[in-house]
Each structure stands twice: as structure tokens, then as C-alpha cells.
Amino acid sequence: MPERIEHYRATRFEESVAAPRKARPRRRPFALVAGAVAYLVTFLIILPILWIALLSFQPSGNILGNPFSLSQLTLDNYVKVIGSLPLLRMYGNTMLIAIVSVTIGTAVSFMSAFALTRMTFRRRKVQSSLRFYLLAGLAVPVYILLFPVYRLDLAFGVFGTYAALILPYIAVSIPFNTLLLTGFLREFPTELEEAAIIDGAGLARLCWTVVLPLMRPVIATILIFNVVYVFNEFPFASILINNPDMVTVSLAVSRFQGQYTVDYGGMMAAATLVLLPQLVIYAVFQKQVIAGMTVGAVKG
Amino acid sequence: MVWISSRWKILAMVAPALILFTLFVVYPVAYSLGFSFTKFRGFGNPDFIGFDNYGALGQDPFFWRALQNTLIILVVGVVVLVPGSFALALLLRRKVAGAGLLRALVFGPAIIAPILVGLIWVFILDPKIGLLNRFLGFAGLPSVQWIGGDTLTPYAVALVFIWSSIGFAMTIFYAGRQLLPHDVMEASELDGATGFQQLRYVTIPMMRETFAIVTILMITNVFKIFELVYMLTGGGPVHRSETLVSYMYFTTFTNQKYGLGMALAVIITVLGAVVSIAYLALSRERKAS
């Protein structure tokens, strides 16, 4: 037996070494071209970002006249903009709204997902149709909600507060959260939870100390997906926030063109300042962010 | 698990999500649908006018223009994006030095807020200060009015849409390609299939699901395009470059014709759903035959 395995390994090894050796000379020119094309396409894709970064360091005179010159780069635009751009407030507002809405959204989605997959309903039908009801929200595009939500916020007296945005952000996150959470729970065996119940754990303890820790990867995906959504969201913010002290990042960016009318350098410096923290976070958590943003597509 | 399932416990667990979802998603959809049959200017009681709003849209040239623009973006966007991002995914699977970094960079635009994407591209497309016309100038070619003119804006919006979605679509294709079983690919190689034959007869047919997912995602995303137009042209000049959503936004919130705006919102929702379902049905049929 062992010799056979040895022999098998040896032939596999030879194959795996020999095959590419034979193939390589034929493919080399093609591989080179493919590599060059990959780099070229990537360069074209990041070119717009490089362009605004370059403009943000150009003195005003150069932007219209000689934008490619590298000899007179300056920090003037940034110095000008830092005074007029409430960067901290924009990010503070957006983070506050994101943290509150994503935390509550994840919590309520988790609770209902647990009930809809783990608890025993008197009537099974009710359970499955409730799940389907929440999932149906996936088909609803956000813009059909804009005006009704505006009216609702007025009616509830929350218009002009952070809650005006937080409430709809929670609600629109529920369908997607439910999809991922119930999908995970349905495939996951219940033995561990049953053991915990036999050991005397109540509902709250069961969820908090047994189920939640098991679901960390799914929860992480949900958090990333929703935080990115809230950070980038514009239509709701543009309608539900009218207090300049409460502007979100997207809302502030939408006003740059009016704010810096012909001060293109200032506008580009402001845009770069807004973009920079996001790119840094993306660079650090790149793998998780990509996974978090695409998992819905692959799963759904 | 029956031990933890008293009636009030179930209720306490389900109620928060159910109430929030019903109040801020389901009720608004019904509200929009209802208001689309009324004339309402923001105060007093809405007057029921039946299908008049839908009729009015049918005779509104701006609506047809917005529909036409959206369809142009849809066709150009999907026709370029789906094969383009698929090719890019295959390209970045090869042993190119730094392929991981390239994939991260290509995905980058997907994390940028659409509103900021719009602002960035003003500085690429603007006829006077944009990068594109600078390049044309270097090449001795005349300037082109990419945005703000009469005809090119939807194509320019499609270009920006492609830019912001290609990395996302590429990543889905990449993940789908990684899932293909090795033995099938190896078998086709042993059978002497050329790279192109393998692609044509093995890879693409086996990735049909992924193609469907990407195409549907891109279609639904085209029907959501709003921020790009808002930043690039504001829908102008004279509504020539509106998309359906930006025109709905204008009708509802700038013009304050709420009933008309809601009728438009309903039309967009139905259109988006119909196009996606039609695509799904078509790709199923082709699979069956």
C-alpha cells in the first residue's frame, strides 16, 4: 500500500511539474499581454481618483491652465478648505446615525430571525409567511419610500431629528438582514442550543451567550454591508435633514458645487478629504469589506 | 424549540422588526400607490383622480425622454459591464504579479458614495475643465460636450455607472469562477480543449447562474441611478438628461406634484421588476432548450 501511494505521489508530482513546463513557452506571450492589459485597466479605473488628488494640490491658476504641471504643487487648497469644511461634524453625524441604526437594525433583525427559525409557533404557516413577508422587502426600491417616509416623520414629530433618518435606515435594512440571518440559522444545527436550554439557560441568555457568538461571521457581514449603505446613502438624507448642523457626509458633498462655486482646487481638496478616511478604512479591512458587500449578491 | 416559545416571548422577539418594517416599508409602498391616483399639493385632502396621473405622464415629453435616457444607460451599461467585468475577472485570475492588489483597486470605486462619484466625474467629463477633453486636446482633437449637451449625457452617465460597478461585478464573477470544480476544468484540458473552447463550452455555460445574478443586479441598479445625474447635470438642460428616478425626485420634491411623482415612482418600480423578471425568464428558457 505505502509504495503505491508513493508511486501515485511521484507521478502526480511529475505531472504537476511537467505540465506547466510544456505549456509555458506557448502561453508566455499571451500571459504577458494579459498582465499588461490587467495593469492598464486597473490604472484607467483609478485614474479619476488620481486626477482629483492631483488637482487638489494645484494652485488655482494651474487647474484651468496647466493642470498636469507638477512643479508648483501646494497645500493651499487644504488650508483654505479645512476652515470651511465641517469634516468632523459630517463624519460625526454620519457615524452616529450609522452606529445607532445599524445596531438596532441588526438587533431587531436577529431577534425576529431567531424567532422565525428556532421558536415553535402554534401555527407553522404563520411562521413561514412572516419570514416571506420580511423577505418581500428585498423587492422594494428605496425611492418609492422617500415621500411617504417624509410624511411619516412629520406625523411622528421626529422630522428634524436624527431619528428621522435612523428609523427608515433600520426598516430598509431588515429584509436583507433577515435573508442572511435566517439563511444561516436554518442551515445550522440546534444541538448546542438545546443543550444550553437543558442546562437551564433562558431565552435572553441563550441568544446572547450561545447563538450570537456562533453567528459572528454573518453579523460582521451584515454590519459592514449596512454601514457602507448608511455612509453612502443620499436620497433619504437629502429629504429628511434640513438642519445644517446635522448634515451627513453625502449631503455635505452634494453641496460642494454650490459651496466652492469656481474654487475647483478647494472642491477637490474637500472631496479628497472626504474620500481619504473611507479609502484608509477600505485599505485596512479590504477583504472583509469586499466580502460584506458582495455576499448578498452571491447568496440572494 | 418548544421550551422557550411562550406566546409573549415570540411576540416580543418578532414585534420590533415587524412593526418597523410594516410602518416604514410596507405602509409607504401602499401610500405611494394610493397617492398615485390622487392630486395632492402637500396640504388639504388629496383628490382622487383615478388614472389621470398616469395619463399625464404618457403625454409628458420629459417622461419619455427620461425613459429613453434610462434605457440607453441600461443597454450600454449592461452590454459593456457584463462581458467586461467577466473578462476582467478571468484576467485577474491569471498569475499576474500583484493580482490581489489589482482586484482590491478595481473594487475600490464600489465603496465610494454615489454622490462623490458624481462629483469626481464632473472633473473628468466637464467640457471646459474635464480630463477627457484635455486628452482630446493633446491629441489635437476638438472638445466634446460629454455632459450638459443634448445627446451625449446618458452615454456619459452609463460610463460613470460602468466605472462604479465594474469592480463589484468583477468580484462576483471572480467568486463564481472560483467555485467551478477543478476536475471538470482539468478534464476538458485533458480532452485537448483550447483555452477558447474551454471558455465557450465549459466555463461560460457552468457560470450561467452568476451571469444571471450580475445582469439582474446591474439592471436593478440602473433603475436606481439618481445621484450621478444629480451631480453631473442636475437633469438639465431643460430635463434633457433626466433619468426616471431623477425626474421622479424633481417632480415630487422640487415641483411638489406629489401624486404625479408617486405615479412615476410606481412606474419605475414596476418597470424595474418587469425587466428583471423578463431577463430571468429568458435565461431560464435558453437553459431549458
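**Layout, contacts and core**

Tutor: Chain A splits into domain 1 (2-56) and domain 2 (83-299). Keep in mind that this is a predicted model.

Student: How many residues does each domain of chain A put into the contact?

Tutor: Domain 1 of chain A supplies 4 residues, and domain 2 of chain A supplies 6 residues.

Student: What classes of residue are on the domain 1 side?

Tutor: The side of domain 1 of chain A that touches domain 2 of chain A has 3 nonpolar residues, 1 polar and no charged ones.

Student: And between the chains, how many residues from chain A and chain B?

Tutor: Chain A contributes 76 residues to that contact and chain B contributes 69 residues.

Student: Which helix gives the most on the chain A side?

Tutor: Helix α1 (residues 2-56) of chain A, with 14 residues. By class, the side of chain A that touches chain B has 60 nonpolar, 13 polar and 3 charged residues.

Student: Switching to chain B. How many helices and strands?

Tutor: Chain B has 13 helices and 2 strands. Its C-alpha trace spans about 75 × 75 × 40 Å along the principal axes.

Student: What share of chain B is buried?

Tutor: Of the 289 residues in chain B, 42% are buried. On contact range, take the chain B contacts between residues at least 6 apart in sequence: 67% of them join residues at least 24 apart.

Student: Now the core. Which residues touch the most other members of the largest nonpolar core?

Tutor: A271(A), L116(B), V157(B) and L232(B), in a core of 153 residues. Helix α7 (residues 153-178) of chain B gives the largest share of this core, 15 residues.

Student: Where does this core lie relative to the two domains of chain A?

Tutor: Between them, because domain 1 (2-56) and domain 2 (83-299) of chain A both give residues to this core.

Student: Pick V157(B). What is it in contact with?

Tutor: Leaving out neighbours within four places in sequence, V157(B) contacts I73(B), I225(B), L228(B), V229(B) and L232(B). L232(B) is also among the residues that touch the most other core members.

Student: Helix packing next. How do α5(A) and α7(A) sit against each other?

Tutor: Helix α5 (residues 124-136) of chain A packs on α7(A) at about 130 degrees, and the axes are 7 Å apart. An angle over 145 would count as roughly antiparallel and 65 to 115 as roughly perpendicular, so α5(A) and α7(A) are oblique to each other.

Student: Which residues meet there?

Tutor: From α5(A), R131(A), L134(A) and L135(A). From α7(A), I174(A), P175(A), T178(A), L179(A) and T182(A). That contact divides into 5 nonpolar, 2 polar and 1 charged residue.

Student: What about V172(A), buried or exposed?

Tutor: V172(A) is buried, because V172(A) has 25 C-beta neighbours inside 10 Å and the cut-off is 20 or more. V172(A) lies in helix α7 (residues 163-187) of chain A.

Student: What does V172(A) touch?

Tutor: V142(A) and V25(B), setting aside residues up to four places away in sequence.

Student: How far is A270(A) from F132(A)?

Tutor: Their C-alpha atoms are separated by 44 Å, and the two residues are 138 apart along the chain.

Student: Is Q256(B) buried or exposed?

Tutor: Exposed, with 12 other C-beta atoms within 10 Å. A count of 12 or fewer is what exposed requires.

Technical notes:
Residues numbered from 1 in each chain as written. Chains lettered and ligands numbered in written order. Predicted model: local features only at pLDDT ≥ 70, side-chain atom pairs only at ≥ 80, totals over all residues. Domains from an automatic or database assignment. Contact = placed C-beta atoms within 7 Å. Nonpolar A, V, L, I, M, F, W, Y, C, P; charged D, E, K, R; others polar. Helix = DSSP H or I, 4+ residues; strand = E, 2+ residues; numbered from the N terminus. Core = buried A, V, L, I, M, F, W, Y, C linked by C-beta atoms within 7 Å. Axes fitted to C-alpha atoms, helices over the stretch in contact; angles between N-to-C directions. Parallel < 35°, antiparallel > 145°, perpendicular 65-115°, else oblique.
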